[in-house]
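Hi,

Here is the structure I promised to pass on.

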Amino acid sequence: MINCSIGIMAYNEEANIERLLNALLRQNLTHCSIKEIFVVASGCTDKTEDIVKDYIRLDERIKLLSQKQREGKASAINLFLSKANADVFVLESGDTIPEVNTIEKLVMPFSDPAVGMTGGHPVPVNPQDTCIGFIVNLMWKVHHRIALEHPKMGELVAFRNIVKEIPRDTAVDEASIEAIVLHDGYMLKYVEDALVHNKGPENIRDFLKQRRRIAAGHLYVRNKQAHTVSTTSGTHILGPFLRELKGGGKEYLWGGCAVLLEIIGRTLGYYDYYVKKRNPFIWDIAESTKKLRGD
């Protein structure tokens, strides 16, 4: 049986942390076990830590690691890596919810010794009847299609206990872990039925804030870790993007908006990284992504 340690990186996640912990404690597990669940609270100013402390009393596997100041997600992950001890490490964002069989599906591929890292299938809860909601869903559908052929990890990942730390100034932790795992000679595996629900931005400002940071982060990984993320390739994107536009005139219009916003986001990321010499590893939170709703 494969055992795993789960790390939840949390900054002011009082709106979702209880639901996330409940979802993890209710996982259907047959061939793997959850050895421990660490919540790394980074400079939280809300009730996140109080909620976690209540859950520690309910299940001894839950542990709280507190950082007085917010030092960036990579710093929180490195703290988790220094404390965790299991065959496989799982990283889950504090603003996501896994389905009931997701952790087992994510961990089981490690029975193959060639697999070094797995990634779940993010499914946004955003409604698709608005332009920005459609764009968020379109983005993750394209991500899914690309990852089926060229694995790309995001939102929920697992990896062997071979990663001791990641660059402290990376703004895209999953991509940095991809680079380490591939460098060590292991393969990536996208697990399409390991579903995890997330929340995309509800407005253009938050969307661009998020895409700008990710674009700069991908440039950092390419230059500092010699790894190019599969979803940055235009040739990888074009086919899946066109296959997802199948609803007529309105979808074509909104699809065009998605392309424009992505170009703007990548341009701003390029400006940040190359002109401003800025790598946003402690980033401004896109607040609308924290309002996770739905079952």
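Let's start with helix α7 (residues 204-224) and helix α9 (residues 249-275): their axes come within 7 Å and cross at roughly 50 degrees. That makes α7 oblique to α9, since angles under 35 degrees count as roughly parallel, over 145 as roughly antiparallel, 65 to 115 as roughly perpendicular and the rest as oblique. The axes are lines fitted to C-alpha atoms, for helices over the stretch in contact, with angles from 0 to 180 degrees between N-to-C directions. Helices (H or I, at least four residues) and strands (E, at least two) are DSSP runs, numbered from the N terminus.

Before going on, keep in mind that this is a predicted model, where local features need pLDDT of at least 70, side-chain atom pairs count only at pLDDT 80 or more, and totals for chains, interfaces and linings use all residues. Residues are numbered from 1 along each chain as its sequence is written, and side-chain values use heavy atoms, with hydrogens and water left out.

Back to that first pair. Among the α7 residues that meet α9 are Phe207, Leu208 and Tyr220, and the α9 side includes Leu261, Ile264 and Tyr271; contact here means heavy atoms within 4.5 Å. The residues of this contact divide into 14 nonpolar, 3 polar and 7 charged. (Ala, Val, Leu, Ile, Met, Phe, Trp, Tyr, Cys and Pro count as nonpolar, Asp, Glu, Lys and Arg as charged, and the others, Gly among them, as polar.)

What about helix α5 (residues 131-149) and α9: how do their axes cross? They come within 9 Å and cross at roughly 70 degrees, which makes α5 roughly perpendicular to α9. Cys131, Phe134, Ile135 and Leu138 are the α5 residues here, and they meet α9 residues including Trp254 and Leu261.

The largest cavity is lined by residues including Met9, Lys73 and Asp173. β4 gives the most to this lining, with 3 residues. The lining as a whole divides into 4 nonpolar, 1 polar and 5 charged residues. A cavity is a set of points, on a 1 Å grid over the protein atoms alone, where a 1.4 Å probe fits but cannot get out, and lining residues have an atom within 4 Å of a point.

Cheers

Methods
On a 1 Å grid over the protein atoms alone, a cavity is a set of points where a 1.4 Å probe fits but cannot get out, and a pocket is an open set with protein on both sides within 12 Å along at least five of seven lines; lining residues have an atom within 4 Å of a point.
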